[in-house]
Each structure stands twice: as C-alpha cells, then as structure tokens.
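Please keep the model open beside this note while you read.

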Amino acid sequence: MAHLTHLTLSHFRSYKQATFAVGARPIALFGPNGAGKTNVLEAISLLSPGRGLRRAAPEEIARAPEAVGWKIKAELDGMGHTHEIESRMEPGQSRLTRIDGKAAPQTALGRLMRILWLVPSMDRLWLDGASERRRFLDRMTMSFEPGHADATLAYEKAMRERNRLLKDQVRDAAWFAGLEAQMAEHGAAIHANRAMTLDRIASAQAGAATAFPQADLALDEVSTAQDKATLVTALAENRPRDLAAGRTLIGPHRSELQAIFAAKATPARLCSTGEQKALLVSLILANARALAEDLGAPPILLLDEVAAHLDAGRRAALYDEICALRAQAWLTGTGAELFAELGDRADHFEVAESNVGSRVKQVG
Ligand SMILES: Nc1ncnc2c1ncn2[C@@H]1O[C@H](COP(=O)(O)OP(=O)(O)OP(=O)(O)O)[C@@H](O)[C@H]1O
C-alpha cells in the first residue's frame with residue numbers, strides 16, 4: 001500500500017516549518033477556518049505533476065511576507081520500497097522535483113504514486129463550464145495512464161501554434177497541414193485514453209458494493225473527430241470556419257463530459273447539491289478501486305471538507321469505503337463531527353494557527 005510516512009513543509013503558505021509522521025490509515029485534520037488544513041492537502045497534491053489542487057502559481061505559495069521560496073519533503077512507503085520526494089521552489093526559479101536525492105521531471109511523480117483529490121470548488125463541477133469537467137476527466141485519465149499528460153501537452157502546443165496562424169490570418173496550407181497532423185496524432189491518443197478511463201470507471205462502479213449512486217459518464221463528441229485520419233481531415237475542412245473565429249473550434253479540447261445519475265436517469269446538473277456531491281464521491285471511489293486493482297495498491301486520497309452536502313448515511317458509507325479500500329485518505333473538517341464519525345479508524349491531527357505559523361499536532 002503506497003502511503004506517505006513523513007511530511008515536512010518549509011515556508012509553505014501558512015507554515016514556516018512543520019514536520020509530521022503519519023501511518024498508512026486515514027488521517028483527519030481538524031481545526032477552525034484558516035488554520036492551515038487545506039494547505040497540508042495542497043502540499044501533498046504538489047507531490048504529483050501539475051499545479052496542485054488549487055492550481056496556484058508556484059510563486060504565490062511561498063510563505064508571505066518573507067517569500068523566500070518553499071519546500072515540501074515527503075517520505076513514501078510504496079509497497080516495500082521507500083522513496084524520498086522533494087518538491088521546491090527558490091525565488092526566481094521554476095519548481096524543482098527530486099526523487100531519492102536526484103533531480104527528476106514532474107511526470108516521474110505521476111508514475112511513483114497516484115494522488116486523487118476532491119475539493120470544495122469541485123462541488124460545482126456539474127454546473128460550471130465544460131473545461132472543468134475535461135480537466136477532471138483528464139486527471140482521472142492521468143491516474144490510469146501517466147503518459148496522458150504528455151499527449152495533452154503536445155496537442156495543446158500544436159494547437160497554440162495553429163491558433164496563432166488563425167489569428168494572424170496566415171493561409172499557408174503546408175504549415176497548417178504539419179500542425180494538424182501533430183494535433184490529429186495526439187488528439188487521437190487523448191480520445192483513446194479518455195475512452196479507456198470511462199470504461200475503467202464504468203466497470204469499477206458496476207462491480208462494487210457501494211452506497212454511492214452510479215454516475216454514467218459519456219463524452220459528447222458532436223464536433224470532435226475521434227481517430228487520427230478523421231481528425232486530420234476534419235481540421236483541414238474546418239480551416240475557413242476556424243480562420244473566421246480566430247481559433248480551433250473542433251478537437252478533443254472541445255469535448256464535453258456528460259454525467260447521468262443512473263438510477264434516476266437525470267443529468268448530474270439537474271440533481272440536488274447533495275446528489276451532485278454523491279456522484280463525485282462515487283467517481284473518486286471508483287477511480288481509487290480501479291487503480292487499486294491495476295496497481296495492487298490504492299491511491300492516496302485528499303478529501304477537503306468532503307462531508308459538506310453529504311447526509312449522515314452517506315458520510316458513514318464514505319468512511320467505511322475508504323477504510324475498506326485501505327487507502328491513506330487525508331480528510332479535513334472544522335468540527336468534532338469528523339472526530340466522532342471516524343473515531344479510532346483514523347489518526348487525528350489538530351491544526352492551529354500560532355504566532356510562528358500553522359502547527360499540526362497529533363491528538364488521537
Ligand atoms: N503564501 C501564503 N503565505 C502566508 N499565508 C498564506 C499563504 N497562502 C495562504 N495563506 C493563509 O493560510 C491560511 C490557512 O489556509 P487553509 O486554506 O489551509 O485553511 P483551512 O484550515 O483549510 O480553512 P477553512 O476551514 O476555512 O477551509 C489562510 O489564512 C491563508 O490566508
């Protein structure tokens with residue numbers, strides 16, 4: 001079972017310096033608003049590729065007012081192997097990753113451990129714009145296939161260049177054809193990876209004894225060609241419309257992830273707030289179960305205020321399912337509820353703000 005054993009935060013947001021040791025079982029962080037609970041989860045999320053669960057600019061994370069750069073150090077126990085992971089930023093430099101003392105690309109983190117998260121801003125996932133849902137789908141996809149990140153970056157790079165041609169009204173057919181071939185190649189890979197994710201999630205939901213409602217996911221590809229040959233033709237044919245719009249109007253960057261509350265045949269956006277949250281939890285748990293099956297170990301889960309909008313029955317089911325998964329889940333909450341409901345199935349830490357920055361103290 002892959003889990004963190006130690007976490008040290010230096011000059012990270014509200015933390016000047018904090019170290020804590022944790023076990024493999026769930027970890028409950030409780031404390032008042034602004035104490036620094038989400039900051040801990042964000043630090044862990046920065047041990048995976050990307051900008052973390054707040055999608056913050058790396059320089060914004062350095063502890064104000066001194067802002068001398070920040071560092072996160074963690075020890076990972078991954079099925080018998082231990083690793084030391086460091087993610088840091090010095091002022092004026094870009095983010096650096098080290099694994100076992102050696103510089104490593106961020107993508108190496110995605111292969112070392114899988115981290116999934118649910119944060120309160122995702123409570124609006126089914127209501128907000130399609131780009132949030134694509135991001136959600138792509139994060140699930142990267143958890144199954146870390147190489148999905150490379151395909152996405154390569155596709156976006158080629159698309160940005162094509163968009164520049166469109167904006168500047170350049171009409172060089174060979175130039176367009178070269179970029180469209182790249183977009184089609186990576187776009188087809190993106191589509192295939194996303195389709196594999198939907199299959200994996202559907203079977204993980206169908207085969208599980210869970211109290212959470214099944215969310216049927218589908219990709220609306222109305223304007224999106226799916227294989228390389230069709231996409232390259234569609235991009236070429238769409239050039240006049242794209243030139244008029246000044247940007248690329250078709251491709252996997254426009255796909256829409258649709259979700260249906262299966263038992264009610266209701267689109268997620270029309271469900272109640274609690275039902276929408278339950279669908280999200282259902283997907284995260286399915287993602288975690290599928291990964292546990294693929295890798296032989298569950299992912300690390302970061303669940304920020306996950307209890308919000310869930311009724312008591314669903315909260316109890318969530319905690320039971322996390323424990324059954326044997327995942328190292330990091331949960332936050334402001335009150336005694338988390339303490340009472342998780343009881344001695346979790347290690348409890350009190351987070352408090354002091355004059356030397358946030359503090360984390362184990363209390364049970
Ligand atoms: N770069 C930074 N430097 C110093 N403090 C920061 C920085 N970024 C954020 N903070 C502070 O960190 C504090 C803790 O934030 P965090 O989101 O972790 O709180 P929380 O315990 O999750 O609270 P809530 O229950 O309200 O969600 C906030 O008061 C915020 O102002």
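1. Before two helices can be compared, an axis has to be defined: axes are lines fitted to C-alpha atoms, for helices over the stretch in contact, and angles run from 0 to 180 degrees between N-to-C directions. Helices (H or I, at least four residues) and strands (E, at least two) are DSSP runs, numbered from the N terminus. This is a predicted model, in which local features need pLDDT of at least 70 and side-chain atom pairs count only at pLDDT 80 or more, whereas totals for chains, interfaces and linings use all residues. Residues are numbered from 1 along each chain as its sequence is written.

2. With those terms in hand, look at helix H5 (residues 148-167) and helix H6 (residues 173-206), whose axes come within 8 Å and cross at roughly 150°. H5 and H6 are therefore roughly antiparallel to each other, since angles under 35 degrees count as roughly parallel, over 145 as roughly antiparallel, 65 to 115 as roughly perpendicular and the rest as oblique. H5 passes H6 in a left-handed crossing; a crossing is left-handed if the near helix is turned anticlockwise from the far one by less than a right angle, and right-handed if clockwise.

3. Which residues of H5 and H6 meet? On the H5 side they include His-148, Ala-151, Tyr-155, Met-159 and Leu-165, and on the H6 side they include Trp-175, Phe-176, Leu-179, Met-183 and Asn-193. By class, the contact of H5 with H6 has 12 nonpolar, six polar and three charged residues. Here Ala, Val, Leu, Ile, Met, Phe, Trp, Tyr, Cys and Pro count as nonpolar, Asp, Glu, Lys and Arg as charged, and the others, Gly among them, as polar. Two residues are in contact if their C-beta atoms, placed from the backbone, lie within 7 Å.

4. Leu-165, which lies in helix H5, deserves a separate look. Leu-165 touches Val-170, Trp-175 and Phe-176, when residues up to four places away in sequence are not counted. Leu-165 and Phe-176 are 11 residues apart in sequence and 7.9 Å apart in space, C-alpha to C-alpha. Leu-165 counts as partly exposed, because it has 17 C-beta neighbours inside 10 Å; a residue is buried if 20 or more other C-beta atoms lie within 10 Å of its own, exposed if 12 or fewer, and partly exposed in between, with C-beta atoms placed from the backbone.

5. Lys-16, in strand E2 (residues 15-21), and Thr-5 are also 11 residues apart in sequence, but their C-alpha atoms are 20 Å apart in space. Lys-16 counts as partly exposed, with 15 C-beta neighbours inside 10 Å. Leaving out residues up to four places away in sequence, Lys-16 touches His-11, Arg-63, Val-356 and Gly-357.

6. The axes of H6 and helix H7 (residues 228-237) come within 8 Å and cross at roughly 140°, which makes H6 oblique to H7. H6 passes H7 in a right-handed crossing. Among the residues that make this contact are Glu-180, Met-183 and Ala-188 of H6 and Lys-228, Leu-231 and Ala-236 of H7. The contact of H6 with H7 divides into eight nonpolar residues, one polar and three charged.

7. Is H1 mostly covered or mostly open? H1 is mostly covered, with nine of its nine residues buried, among them Lys-37, Val-40 and Ile-44.

8. Most residues other than glycine have a negative phi, and most peptide bonds are trans. The peptide bond from Ala-64 to Pro-65 is cis, with omega near 5°, and Pro-65 is placed in the loop between helix H2 (58-61) and strand E4 (70-78). Ala-67 lies in the loop between H2 and E4 and has a positive phi, near 45°. His-11, in strand E1 (residues 2-12), has a positive phi of about 50° although it is not a glycine. His-11 is buried, with 20 other C-beta atoms within 10 Å.
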